[in-house]
Amino acid sequence: MLTIRLSRIGKKNKPMYRLTVSEKSKDLYGRSLEILGSYNPHSKELQAKTDRIQYWISKGAGTSPTVNNLLIEKGIIKGDKIKASIARVSKKAPKKQPAAPAAPAEPTPSEVKETEPKVEETAEKTE
């Protein structure tokens with residue numbers, strides 16, 4: 001599956017990102033099919049080839065959650081934003097929750113019938 005995502009470029013402590021389209025399972029920093037633009041997180045400037053992004057999306061390419069939110073914010077595509085941190089966490093296996101102590105089970109009707117005669121018998125003995 002093709003995906004549009006960000007690959008980091010730039011100096012240490014001064015990141016810049018490049019929008020690329022490539023196979024999802026391939027190395028992010030390896031050879032990509034096409035470079036679609038760049039993003040500067042310091043100035044929040046997005047330079048993108050709008051027509052090429054729409055072309056790749058029409059061909060079935062997906063977007064990473066961060067790229068999706070950037071493109072919606074800049075008005076290149078329409079849709080709802082995705083919470084990027086949730087998208088990453090949901091791919092991981094959920095943490096096991098400790099088992100809650102079991103609540104006492106309600107007595108079945110057969111158990112209730114067995115206890116009722118005993119209560120009546122003790123009431124007769126006290127009289």
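**Close-up views of a predicted model**

**View 1. Thr20 and its surroundings.** Leaving aside neighbours within four places in sequence, Thr20 is in contact with Thr3, Ile4, Arg5, Ser7, Ser32, Glu34 and Ile35. The model shown here and in the other views is predicted. Thr20 belongs to strand E2, which covers residues 14-23. Its relative accessibility is 3%, so Thr20 counts as buried; the cut-off for that label is under 20%.

**View 2. The open sheet, strand by strand.** The sheet is open and is formed by 5 strands. Their order is E4-E3-E2-E1-E5, with mixed pairing. E4 and strand E5 (62-63) are at the edges. Each has a single partner strand, so one side of each lacks a neighbour in the sheet. In general, strands of a sheet pair through backbone hydrogen bonds, in a parallel or an antiparallel sense. Here E1 and E5 pair in the parallel sense, over 2 bridges. Within that pairing, Ile4 stands opposite Thr63 in E5.

**View 3. E3 between its partners.** E2 and E3 pair in the antiparallel sense over 5 bridges. Leu19 stands opposite Gly37 in E3. E3 and E4 also pair in the antiparallel sense, over 4 bridges. Here Tyr39 has Leu46 in E4 as its bridge partner. Of the 7 residues of E3, 6 are buried, so the strand is largely enclosed by the rest of the structure.

View 4. Helix H1, residues 50-58, lies across E1, E2, E3, E4 and E5. H1 runs at about 120 degrees to E3. Helix H2, residues 65-74, lies across E1, E2, E3, E4 and E5 as well. H2 runs at about 90 degrees to E1.

**View 5. The largest nonpolar core.** This core has 16 residues. Ile4, Leu19, Leu36, Ile53 and Leu71 touch the most other members. E1, E2, E3, H1 and H2 each supply at least two residues of the core. H2 gives the most, with 4 residues. Now focus on Ile53. Leaving aside neighbours within four places in sequence, Ile53 is in contact with Ile4, Leu19, Leu36, Ala48, Leu71 and Ile76.

**View 6. An aromatic pair.** Searching the whole structure gives 1 aromatic pair. The ring centres of Tyr55 and Trp56 are 5.4 Å apart, and the ring planes are at 75 degrees, so the pair is edge-to-face. That label applies to planes over 60 degrees apart. Trp56 has 13%, so Trp56 counts as buried.

**View 7. Positive phi in two loops.** Asn13 is a residue other than glycine, yet its phi is positive, near 65 degrees. Asn13 sits in the loop between strand E1 (2-11) and E2. Its relative accessibility is 69%, so Asn13 counts as exposed; exposed here means over 50%. Lys44 is not a glycine either, and has a positive phi of about 55 degrees. Lys44 lies in the loop between strand E3 (34-40) and strand E4 (45-48). The hairpin of E3 and E4 has 4 residues between the strands.

Technical notes
Residues are numbered from 1 along each chain as its sequence is written. This is a predicted model: local features need pLDDT of at least 70, side-chain atom pairs count only at pLDDT 80 or more; totals for chains, interfaces and linings use all residues. Side-chain values use heavy atoms; hydrogens and water are left out. Buried means under 20% relative accessible area, exposed over 50%, partly exposed in between (1.4 Å probe, protein chains only). Contact means heavy atoms within 4.5 Å. Rings of Phe, Tyr and Trp (its six-membered ring) pair if their centres lie within 6.5 Å; planes under 30 degrees apart count as stacked, over 60 as edge-to-face and the rest as tilted. Two strands pair if DSSP finds at least two bridges between them. Axes are lines fitted to C-alpha atoms, for helices over the stretch in contact, and angles run from 0 to 180 degrees between N-to-C directions. A nonpolar core is a set of buried Ala, Val, Leu, Ile, Met, Phe, Trp, Tyr and Cys residues joined through side-chain atoms within 4.5 Å.
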